[in-house]
Amino acid sequence: LLLLTTSYILVCSSRYPYDTSQSPAYQLTFLFQILAVSFVASLNVSTDQLVVISTAVCRCRFQLLNMSLRTLCQGIKVTDELITLEEEKLVTRRLRSCVLQHQAVLESAAQLQDCFTTSILGQFTISIVIICVTAYQLAA
């Protein structure tokens, strides 16, 4: 199909050190541009997915911590609002484990925030510019 076209229009207008209006150079340049745009688009999607998945993992860790706290006294029978010394030690161990888990989750959330805050802001800003320029071009 590309060989039969008479007007050679590339995906992205750019300058090359060779004549892109000739038959084999046009097809190779067109293929290169399609592959480059596809690669950049998949890289952009992968970056977005990395941020979303990392945030989802952090959220799941908080949910697991929530479940651990809800079941803190599971398996312990309270009689007259008293528990034995052994049961108190068990609850203390479970609570200490929950506190350590909470600190680890907070630390990983802070690392996520440090890593992705600037890049997400940049990507959001560029997306706004792209949407505005596209809207301007459609209106003109």
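Colleague: How do the axes of helix α1 and helix α2 cross, and how close do they come?
Modeller: In this predicted model, the axes of α1, which covers residues 23-70, and α2, which covers residues 85-139, come within 10 Å and cross at roughly 160 degrees.

Colleague: What does that make them, roughly parallel or roughly antiparallel?
Modeller: Angles over 145 degrees count as roughly antiparallel, and α1 and α2 are therefore roughly antiparallel to each other.

Colleague: And is the crossing left-handed or right-handed?
Modeller: The crossing of α1 and α2 is left-handed, and the residues of their contact divide into 16 nonpolar, 8 polar and 2 charged.

Colleague: Which residues does S54 touch?
Modeller: Leaving aside residues up to four places away in sequence, S54, which has its place in helix α1, touches L112 and F116.

Colleague: Why does S54 count as buried?
Modeller: Buried means under 20% relative accessible area, and S54 counts as buried because its relative accessibility is 17%.

Colleague: Switching to V99, where does that one lie, and why does V99 count as partly exposed?
Modeller: V99 lies in helix α2, and V99 counts as partly exposed because its relative accessibility is 40%.

Colleague: How far is V99 from Y26, going by C-alpha atoms?
Modeller: The C-alpha atoms of V99 and Y26 are separated by 63 Å, and along the chain these two residues are 73 residues apart.

Colleague: Stepping back to the whole chain, how many helices and strands are there?
Modeller: The protein chain has 2 helices and 0 strands, and its C-alpha atoms fill a box of roughly 90 × 35 × 25 Å when this is taken along the principal axes.

Colleague: What is the radius of gyration, then, and what would a compact globule have?
Modeller: The protein chain has a radius of gyration of 29 Å, whereas a compact globule of 140 residues would have one near 14 Å.

Colleague: What share of the residues count as buried?
Modeller: Of the 140 residues of the protein chain, 13% count as buried, and of the contacts between residues at least 6 apart in sequence, 45% join residues at least 24 apart.

Key:
Residues are numbered from 1 along each chain as its sequence is written. This is a predicted model: local features need pLDDT of at least 70, side-chain atom pairs count only at pLDDT 80 or more; totals for chains, interfaces and linings use all residues. Side-chain values use heavy atoms; hydrogens and water are left out. Axes are lines fitted to C-alpha atoms, for helices over the stretch in contact, and angles run from 0 to 180 degrees between N-to-C directions. Angles under 35 degrees count as roughly parallel, over 145 as roughly antiparallel, 65 to 115 as roughly perpendicular and the rest as oblique. A crossing is left-handed if the near helix is turned anticlockwise from the far one by less than a right angle, and right-handed if clockwise. Ala, Val, Leu, Ile, Met, Phe, Trp, Tyr, Cys and Pro count as nonpolar, Asp, Glu, Lys and Arg as charged, and the others, Gly among them, as polar. The radius of gyration is taken over C-alpha atoms; the globule rule is 2.2 Å times the number of residues to the power 0.38. Buried means under 20% relative accessible area, exposed over 50%, partly exposed in between (1.4 Å probe, protein chains only). Contact means heavy atoms within 4.5 Å.
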